[in-house]
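Hello,

Here is the structure we spoke about, followed by my notes on it. Please read them with the coordinates open.

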Amino acid sequence: MSLIDARHIDFGHGGQRVLQNVSMSLDKGEIVTIVGPNGSGKSTLLRLLIGALKPQKGTVTRAPGLRIGYVPQKLHIDPTLPITVARFLNLPKPVPAAAASEALRTAGVAGLQRQQMSQLSGGQFQRVLLARAILANPDVLMLDEATQGLDQPGSAAFYRQIAAVRQDLGCAVLMVSHELHVVMSASDRVICLNGHICCEGTPEVVSAAPAYRELFGTGTGGALALYRHEHDHDHGHHHHEAAE
Amino acid sequence: MLDDFLVRAALAAVGTAVAAGLLGCFVVWRRMAYFGDATAHAAVLGVAMALLFGTSITLGVAVVALCMAVLIHALTGQGVAVDTILGVLAHGALALGLVAVTLVPGQRIDLDAYLFGDVLSVTRSDLAVIWGGGALLMGVLWWHWSAMLTATLNPDLAHAAGINPRRQQLILTVLVAAVVAVAIKVVGALLITALLIIPAASARGFASTPERMAFFAMAIGALSALGGLRLALHFDTQVGPSIICVAVFIFALSMIGRHLPKLQV
C-alpha cells in the first residue's frame, strides 16, 4: 500500500480554485518532485498531504502510523523566542543527545547544538530543519522549497545531502521546487503541477512532455541532460535561464 | 500569618505575577498582546454582569473573559483581519462594561478597584482562587509544553508531528482568560496585559532557551510584585500600577543590559 494516497482533491480559498482534481500517491523509498510555476498550488498540495489543510473534495489517506519528517519552506522564528539548535531538535519529543548530534552530522551541520537558531545562516538553518526531520525517523521526508534563499551551489549541495539521507534512512522523499534542473535530476518521478496535474513520469518523460515545455520553455531539457551526464561534476556554476 | 492583610496582598501579588509571567512568554512569542488586552477589557463587562446577577466577581469575569476569548479564537480561524476586530471587541466590551456598571442598582461601585486592582483587600478565598488557578495553569502548561512550543514555532511543523495547533491555541486562549479572572483583583483590568508581557519581554535578554525565559519571567514577575507592593506602601500609591512601574523599570534595565556590549564595541 502507498504511504500517502490523494484521490481527486479539490481545494480553493476565497472563491479561487487552487487545486482541481489532483490525484497522486507516494510509495516506499521513492523520490518524487512536484514542480510548477509560482502559485500553481505546490505548497498547498503538500500541506494537504500532511493534514494541515482539509480538501474540499476528494480524500487524502495516510498509512496508519505514518511518520512524516517535514521541512517547511521558510520557518520564521519570532525573535522574542530564544531557542538553541539542541532544544529545537528536541521538539516535540525529547531525543538522546547522541542521536541529535548524529542527525546534525547526517544533515551536514555537525556541532551546532549550542548555537541560537536566530544566528544560523540560511543554509545552516535549512540543514538543521532537515536534521530535525531526520530525527523523527520518518517514513517520508517532505521538503517545501527547502532551498529557498540558498545560492545555486548551496542548493545543489543541499539536494545531494537529501539523496544521501534517503540512502541512509530508506525513506521516501517528496519535494516541492521550482529549481527544476537541480531537483528533477535526483528524482525517480516528477509531477508537473499547475492547479491540476499537467504531466508526470520520470524526469526524462516530463521534460520532454509538451505540457511541461509549455510551462517552463524548452531550455531546461538540455540542462537536465547536461546534469545527468555530468553527475559527479560541480554543476552549480551553470546558468539555466529558462529555469529561473 | 494570613491574618495580616499585607501578607495576603504579597502572596496574591506574587502568585498572580508568577502565573502571568509564565503564560506571558507564550503571549509574547505568539504576539497575542492585543488579544490579552481584548480579553482583559472584557473583564470590566464581567464585573458588571457579576454585580447585576449577584454572583462572585471572579466567576463573572472568568465567564465573560472566556466568552470573549473563544469568540476571538473562532474569528481568527476565518481569515478576517483580526486586529481591527480585536479593537472593536476590546473597546466595545470595555465601554459596555463601564456603562453597565453604572446601571447596577443599589450601591455605588468603586470602579477603580476593578480598573487598577485592589490587592490590599484580598481575602483568604481570593488567595485560594489565585494560587489554585496558578497551580492549575502551571500544570496545564507543563503537560502541553512541548506540543505548545512546536505549534508556536510553526503550525505546519506541528501538523506533521501529529499535533493540532488550533487546539493548542484554544488551550492558551482559555488560560489567558483564566489569568485575567485571577489578576483583575491584583492589577485591575487595564494593566493585566502589562503583567503578562513585561516580565516575559524583560526575560528575553537573559535566556538562551524557552524554558529559561519562562523561569526568568516568573522570577521577574515575583520581583515586580514584591517591589511594587513595597513601593506602594512607601509612597502610598496604588499597588497595581506600582507593580507595573517596577516591572517596566526592570524591563528598561534589561534593555540597557542587552545593548551594553554593543556600546563597548
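In this predicted model, chain A holds an open sheet of three strands, in the order E2-E1-E4 and with antiparallel pairing. The edges of that sheet are E2 (16–26) and E4 (57–62) of chain A; each has a single partner strand, so one side of each is left without a neighbour in the sheet. From one strand to the next the twist averages 25°.

Strand E1 of chain A, residues 4–13, pairs with E2(A) over seven bridges in the antiparallel sense. A:Asp5 is opposite A:Ser25 in E2(A), and A:His13 has A:Gln16 of E2(A) as its bridge partner. The hairpin formed by E1(A) and E2(A) has two residues between the strands, and in it A:Gly14 takes a positive phi near 60°.

With E4(A), strand E1(A) also pairs in the antiparallel sense, over five bridges. Here A:Asp10 is the residue that stands opposite A:Lys57 in E4(A).

Strand E5 (residues 68–71) of chain A runs parallel to E6(A), with four bridges joining them. In that pair A:Val71 is opposite A:Leu143 of E6(A). Strand E7 (residues 172–177) of chain A is joined to E6(A) by five bridges, and these two strands run parallel. A:Val140 of this pair stands opposite A:Ala172 in E7(A).

How many of the five residues of E6 (residues 140–144) of chain A are buried? Five of the five are, so the strand is largely enclosed by the rest of the structure. In a regular strand, side chains alternate between the two faces of the sheet. In E6(A), A:Val140, A:Met142 and A:Asp144 point one way, while A:Leu141 and A:Leu143 point the other way. All of these residues are buried, A:Asp144 included.

A:Arg105 and A:Arg127 are 22 residues apart in sequence, with a C-alpha to C-alpha distance of 9.7 Å.

For chain A as a whole, the secondary structure comes to nine helices and nine strands. Of its 244 residues, 44% count as buried. Among the contacts in chain A with a separation of 6 or more, 66% are between residues 24 or more positions apart.

Now to chain B, which has 11 helices and zero strands. From the N terminus on, its elements run α-α-α-α-α-α-α-α-α-α-α. Of the 265 residues of chain B, 52% count as buried. Residues 24 or more positions apart make up 74% of the chain B contacts with a separation of 6 or more.

What radius of gyration does chain B have? The value is 18 Å, which agrees with the figure near 18 Å for a compact globule, because that is what 265 residues would give. Along the principal axes, the C-alpha atoms of chain B fill a box of roughly 55 × 45 × 35 Å.

H2(B), residues 33–53, has 21 residues and reaches 30 Å from its first C-alpha to its last, close to the 30 Å expected at 1.5 Å a residue. H2(B) also contains a kink of about 25°, centred on B:Val44. The helix is mostly covered, with 17 of its 21 residues buried. Just after H2(B) comes B:Gly54, which takes a positive phi of about 70°.

Regards

How values were computed: Residues are numbered from 1 along each chain as its sequence is written. Chains are lettered from A and ligands numbered from 1 in the order in which they are written. This is a predicted model: local features need pLDDT of at least 70, side-chain atom pairs count only at pLDDT 80 or more; totals for chains, interfaces and linings use all residues. The expected span of a helix is 1.5 Å times one less than its number of residues. The bend at a residue is the angle between axes fitted to the seven residues ending there and the seven starting there. A residue is buried if 20 or more other C-beta atoms lie within 10 Å of its own, exposed if 12 or fewer, and partly exposed in between; C-beta atoms are placed from the backbone. The radius of gyration is taken over C-alpha atoms; the globule rule is 2.2 Å times the number of residues to the power 0.38. Two residues are in contact if their C-beta atoms, placed from the backbone, lie within 7 Å. Two strands pair if DSSP finds at least two bridges between them. Axes are lines fitted to C-alpha atoms, for helices over the stretch in contact, and angles run from 0 to 180 degrees between N-to-C directions.
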